[in-house]
Structure formats: structure tokens, C-alpha cells
Amino acid sequence: MIEIERKFLVKSDDYKSVASSKTRIVQGFLNTDPNRTVRVRIKGELGFITVKGKSNTSGTSRFEWEKEISVEDAENLLKLCEKGILDKYRYEVPIGNHVYEVDEFYDENEGLTVAEIELNHENESFDKPAWLGIEVTGEVKYYNSQLSKTPFNLW
Ligand SMILES: O=P(O)(O)OP(=O)(O)OP(=O)(O)O
């Protein structure tokens with residue numbers, strides 16, 4: 001299916017006090033080509049494999065296909081992934097009618113925190129909390145697949 005998402009930097013920790021959940025995510029990539037990324041993820045107690053396609057010109061929408069797999073399968077697939085496993089905490093932060101997903105990265109990407117909001121329509125309006133920084137939608141270097149190869153501490 002096609003997912004519509006906008007991505008922002010996060011400029012303070014204030015989202016933490018209003019977060020409804022916090023989950024650890026470990027993920028790697030079998031392919032980091034932005035036109036066909038293949039991601040293996042362990043999120044909490046669940047495993048997933050996800051294929052993402054090329055984004056539209058504005059970077060707001062992208063084909064995304066995902067299947068749940070066992071954690072054991074995910075662990076085995078993670079061993080086949082390219083170098084650069086990502087480790088992050090994801091906070092779900094309800095704001096108005098939407099839920100921001102705020103990712104706080106570790107290891108080589110320590111210091112980077114980004115927020116994503118999924119929309120139903122390109123022109124849908126949404127609230128922007130004070131902790132939200134500049135928009136980075138469509139900036140390829142902020143794709144997780146790229147962060148795994150060229151992490152934040154090398155920028
Ligand atoms: O959880 P998602 O689908 O937002 O995916 P990601 O791997 O956290 O991020 P991106 O697709 O922006 O690299």
C-alpha cells in the first residue's frame with residue numbers, strides 16, 4: 001500500500017512526558033537502495049520484514065509492504081543484513097487526532113531524534129507540538145536505510 005508520511009527533527013525531550021508507549025526497535029537492511037529497500041525489524045516481541053519502494057517527488061508518499069515474521073526468523077535474517085544495524089527507541093506520542101512516532105537513535109546515530117506522522121491524505125492538516133523542529137520529509141540522508149550506512153556521527 002501507499003503510505004503518506006511527514007518527517008521532522010525533534011528539538012527537545014518534551015515529547016517523553018506525553019508519550020503513550022516506548023518500544024525498542026532493532027533493524028537491519030538486506031537492501032539499502034531507496035527504490036527498493038528491504039528491512040528486517042525486531043520491534044518489542046515481534047519480527048517484521050518490510051519492502052519500501054521509491055518515494056514521490058515531494059518525498060511524502062512511498063509504497064510499503066510489510067509482513068510479520070517470527071523473532072527467530074528476524075534474528076536469522078538480521079545476520080544476513082548489510083553492515084550497520086540500527087538500534088532505537090520508538091515513542092508513540094498522541095497529538096490531536098494523530099500519533100507521532102518519535103525515534104531516538106543510539107550507537108552511531110546517537111544524538112539524532114526524528115518524529116514521523118502518518119497521514120490519510122497529502123493535504124491533511126495536523127498539529128505541530130512545540131518540540132517539533134524543522135521538516136526533513138524526503139531528505140534521503142534521514143532514511144533509516146541511509147543512516148545504517150552513513151550514520152549521524154559521520155555527518
Ligand atoms: O517505521 P517506519 O515505516 O517509519 O520506517 P523507518 O525504518 O523507521 O524509517 P524510514 O522509512 O523513514 O527510513
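Visitor: Where does the ligand sit?

Guide: In the largest pocket. A pocket is an open set of points on a 1 Å grid over the protein atoms alone, with protein on both sides within 12 Å along at least five of seven lines.

Visitor: Before we go on, what are the ground rules?

Guide: This is a predicted model: local features need pLDDT of at least 70, side-chain atom pairs need 80 or more, and totals for chains, interfaces and linings use all residues. Numbering runs from 1 along each chain as its sequence is written, and side-chain values use heavy atoms, without hydrogens or water.

Visitor: How many residues surround the ligand?

Guide: 14, each with a heavy atom within 4 Å of the ligand. The closest are Lys7, Lys52, Lys88, Glu116 and Asn144.

Visitor: And by class?

Guide: Eleven charged (Asp, Glu, Lys or Arg), two polar and one nonpolar.

Visitor: Which strands each supply at least two of the shell residues?

Guide: β1 (2-10), β3 (36-43), β5 (61-69) and β6 (86-95). Strands here are DSSP E runs of at least two residues.

Visitor: How far is Glu116's side chain from a ligand oxygen?

Guide: A polar side-chain atom of Glu116 lies 2.6 Å from one. For Arg39 the distance is 2.8 Å.

Visitor: How much of the ligand is buried?

Guide: The protein buries 93% of the 350 Å² that the ligand exposes alone, by Shrake-Rupley with a 1.4 Å probe.

Visitor: New topic. Where is Asp107?

Guide: In the loop between β7 (98-105) and β8 (113-119).

How values were computed:
Polar contact = N/O pair within 3.5 Å; in protein donor to acceptor, adjacent residues only side chain to side chain. 1 Å grid on protein atoms, 1.4 Å probe; cavity = no way out; pocket = protein on both sides within 12 Å on 5 of 7 lines; lining within 4 Å. Sits in = over half its atoms within 2 Å of the grid points. Helix = DSSP H or I, 4+ residues; strand = E, 2+ residues; numbered from the N terminus.
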